[in-house]
Amino acid sequence: MPDGRKVTLKVGFAEQLRDIEVQLPAGEPKPWDARSELQVIGKPHPRLEAPLKVSGAAKYTHDIVPPNALWAAVLRSPHACAVVEAIDVAPAKGLPGVSAVLALVKPGERVIFAGQDIAAVAAKTPEQADAALRAIAVTYKPEAFVVDTAAAMQDGAPLVHRGKVQERSTEGDEPGAGGSAGQRGNIRTSPSMKKGDAHKGLRMAKVSHEATYTTQVHTHSALETHSIVVQWDGPKQATVWCSTQGIFSVRDEFAEVFELGPADVRVHTDFLGGGFGAKFGASAPGSRMGFIAGELARQAGAPVRLLLDRKEEHLCTGNRPDSRQHVKLGAGPNGQLTAIHVVAHGTAGIGTGAGVGRNAFGIYSRCPNILVESHDVFTHGGPGTAMRAPGHPQGAFALELALDELAKKLKLDPIDLRLQHDEHPVRRHQFELGRKQFGWDEGRKQAAVLRDKNARVRRGFGVAASIWGDFGRGKAVVATVSVARDGSVEVKNGLQDIGGGITTVVAQVVAEVLQRPVEAVRVRLGDSELGPSVGSGGSVTTASVTPAVRAAAEAVKEQLTALAAKQLDRKPEEVTWSGGQARAGSKSIAWAELCKKIEGEAVVATGTRPETYGAYPVKFMGGNSYQIAGVQFAEVRVDTWTGVVAVERVLAIHDCGKVMNPLTCRSQVQGGVILGTSYALTEQRVMDRVRGVMLNPNLESYKIAGARDVPRAIDVVFTPVDTGANNTGAIGIGEPSTIPTAAAIACAVHDALGVAVRDLPLTPDRVLAALGVVPTRGAS
Amino acid sequence: MQPFVLSRPKTLAEAGDLARAQPQDSALRAGGIDLIDRMKEGLEAPARLIELRWLGESEAVMRALGPDGEGLQIGALVTLAQLAGHEGLGEAYAALRQAAGSAATPTIRNAATLGGNLLQRPRCWYFRHADLVCLKKGGSACLAVSGENKYHAILGGGPSFIVHPSTLACALTALDAQVVIRGTEARTLPIAELFVTPKQDAKREHALQPGEVLVRAILPKPGAEQRSGYAAVKEKQSHDWPLAEAAVKMSLQSGVMTDVRVVLGHVAPIPWRSREAEAALEGKPASEALFAEAAKAALAEARPLRDNAYKIPLAQGLLREVLHRVAGVPLPE
């Protein structure tokens, strides 16, 4: 492989392609670009693991039952805030089936949310474990608490934390987000995002709009709850099965907690039932699961399974913080924005991370004056954590709906207002494409007719934009590809498939390079002994892993080329590959024959991915990575008699770099749209403000969209971009695809009604209130 | 869940004896949809479950679904799925068919029974919360009053503000159904008398005594040109509880409505028959304006809590819609 060389790449999108020169690091294959003719990459391929999943043969962490494994259960605080006066776990110890009991708090300790760890047991059966928990005696002295964001901001509100708060960040957080600019009472200020002078811009404005927008707490609600199974293989060695988005984060935390070397902890995640940002590390954000399972297993001398139930999953495993965003927009007479000012407060419970993302700051960048000020408000609730595009869906909702309200005052079409201020050429292209494909102009006219007639059933059309960065990580992944004497091909890496389909994509990359059928590539992952890899957060997996896999496959191919040259009695540079055969002049050797000539067991090579070296055509937030673009259109139907909103159609137009597998990529976008629809229409954590507990820790009154609630049609369009970022051209899609959905739906509801519903979710009570038909209390 | 004894009697007499032997500590199980949930949530821990699904041929009435004289009988073990697909429930009884088809999910409808649906416990999140002691669980106050009451009652509330959870109850009340109950002796009640208001007894929702079994419901012979309909408004269209329901029955001859029944669900602790709306409609020609007036009358006495005043316009809109559909008056665009 040649050392560091300069190559010319054809990059860009649609009609806007151009050649750029890129300096490649040593050993790096020439990136696939707009000129590359690929046979497997970019073609739809069903998931390789699909038969295992649909037949139930796939083993998730919940399915792992080592011999003699015990069942663990955790006693959780029923109080939002209380001091533990006494705790006696002894009565649990002698109960039938109980092997280990653990107090997790000491007398005098203060617990600060309902659901916090108090004690844990391990027993033979779940029923015995529950009985043991009931036998544990705890005396609490309840203290004043606050679970409501607005109330927690008041002077004199009960303090959640009595000292400076340590931020907890994971691979699920957006790179560059976070940090603190001070803390007062329950309010902790995040660093501002600032450009120009927003206050001045507002004073200069001829037309302005000002309103407050709120969003709710959203829980991750992965189908598979947080779960960990621990088996000690010796006093200083453990095997851990964990439902995680980052097996190395589990390994490292577990090793740290029990003072082991990372190499003495082996972590498995063969299959994962969703994570959405809440599954990093051996513990859940609000429960020390790794310690609990590990310590119970050590005390009991037997493997322990700790699988949370749905209630625990809602209470202590993270959530998307709520938000209360005060938005001020100013515009000149022709609609040019003079200022965007957002002041956001939100609660991540006892945790941090309630910022509202980069939407207001990064998308409509032709506005010269922007100020986004975010604050975490501490409340006595379970900690928030990264959730699919942290901050962005909330930020998109407030900004985009405010823009539509401003556009109405300016008598401007919402798309025109956006095009006037968005500098990203791909996103501009997406707006124009969607305008035609969605039937925007005609639809908006029809919506206006129904609105003017005061029709019972209205229609509305809305649009919103997405912003994310290509955070693909360099030097993080080491992939191994091997070709054995029997011709079999294997790729290994310690990554986990969160469900996006990386297993299949990895096989496609190897198949492309080695010209083998995709099904012939055996993919081994989900094991920390298979080589370093990244966590599945920040939409980095495909962009981080596939270039390393390709580098390894190319290195193996180089060795096979040398072997073929030897067999064909030619020089390696004379050997070409086609149809899986090595050829030189008139001679060729078939794959199986060539592999038989391998000396030893196999040809093996590893590959890594260099740092990102291209970001065409637009950089994200002034960094060195590409800014991922996306635009979504929504059409809604609103019944003004009942307030029910139905989402008829969503058109999701996204840029995902070079699409590896259109089938799995489309599926991710559909998932993002469905998650966003559910967030827009119904999902909401409900806390009792008087008693401080969550009232809907289930999937009955915590309402996740079902088959009849998802859009009748979800059309996914990719606008492929060659960014030159890495050797496969892959960038992320998981997070960008959920950012604008709720915003587009809210904008469509505004179009339908002529008034904005400024609070998510868009439930009938809010719609009827916006229509002005709900009597104030006692007035009926 | 705590261990329990499972009994599978062949006769209702045996079932009744078992229940009376442990009046506080046994539970009758039909579909088991709600009961097993309550046991899993730790709300109840009966020592004995008495399964009704194993009753023998002698109790065939429990599974009957068909004509009863000139009316229709529905055994307590008939499933919601059977009702939703039953041809005998024509235009006159359409409200019941529509209600059965609207509840829960296909999976649940295949197991849930008429009896279980009528006698299930409320879905109030305070009642269902294992750590909270509400009025229904022996506490001193209905926690919804000071708490989060978006889904609670706007009519007939106090001292408890639950809404009655049964979807079939709303339709059966509109259809003037009767229920047959067998204990040590049999009795037949108008369905309205099956339900207990919180003012009568805040701890219960139905009038059955321990050992009594609801055997069947009877729909009377339909009136001339009788028609009926049911609809619900839900936040979520798949698997959700209604925010409000409306069931309407009427005889419609030459455009004039008589023998009108209007019942609202999920707005009150019992299926809420609105005599005000019925009076507004009775004997009058069907029209859009009249429906709006009747809907207003139906909610005139509503007394919302902090978060549920929206149910007033919502229930009005829903009732108007059902009236339009039942009377065949086209809905405005």
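**Notes on the predicted model**

1. In chain A, an open sheet is formed by 3 strands in the order S2-S1-S33, and the pairing is antiparallel. Its edge strands, each of which pairs on one side only, are strand S2 (16-23) and strand S33 (721-722) of chain A. Please keep in mind throughout that this is a predicted model.

2. Within that sheet, strand S1 (residues 6-13) of chain A pairs with S2(A) in the antiparallel sense over 8 bridges. As background, strands of a sheet pair through backbone hydrogen bonds, either parallel or antiparallel.

3. How many of the 9 residues of strand S19 (residues 323-331) of chain A are buried? The count is 8, and S19(A) is therefore largely enclosed by the rest of the structure; buried here means that 20 or more other C-beta atoms lie within 10 Å of the residue's own.

4. Strand S19 of chain A also has pairing partners that can be followed residue by residue. With strand S12 (residues 207-215) of chain A, S19(A) pairs in the antiparallel sense over 9 bridges, and A:Ser208 stands opposite A:Gly330 of S19(A). With strand S20 (residues 337-346) of chain A, S19(A) pairs in the antiparallel sense over 8 bridges, and here A:Arg324 stands opposite A:His345 of S20(A).

5. S19(A) and S20(A) make a hairpin with 5 residues between the strands, and in this hairpin A:Gly335 takes a positive phi near 90°.

6. Turning to chain B, its secondary structure comes to 11 helices and 12 strands. The radius of gyration of chain B is 20 Å, close to the 20 Å that the globule rule gives for 333 residues, so chain B is as compact as a globular protein of that length. Taken along the principal axes, the C-alpha atoms of chain B fill a box of roughly 60 × 50 × 35 Å.

7. Of the 333 residues in chain B, 52% count as buried. When contacts in chain B between residues at least 6 apart in sequence are considered, 66% of them join residues at least 24 apart.

8. For chain B, the unreviewed UniProt entry places the feature "domain: FAD-binding PCMH-type" at residues 1-224. In the model, this span of chain B is 25% helix and 17% strand, and its end C-alpha atoms lie 51 Å apart.

Technical notes: Residues numbered from 1 in each chain as written. Chains lettered and ligands numbered in written order. Predicted model: local features only at pLDDT ≥ 70, side-chain atom pairs only at ≥ 80, totals over all residues. UniProt positions renumbered as here; feature names shortened; annotations may be inferred. Helix = DSSP H or I, 4+ residues; strand = E, 2+ residues; numbered from the N terminus. Pairing = 2+ DSSP bridges. Rg over C-alpha atoms; globule rule 2.2 N^0.38 Å. Buried ≥ 20, exposed ≤ 12 C-beta atoms within 10 Å, placed from the backbone. Contact = placed C-beta atoms within 7 Å.
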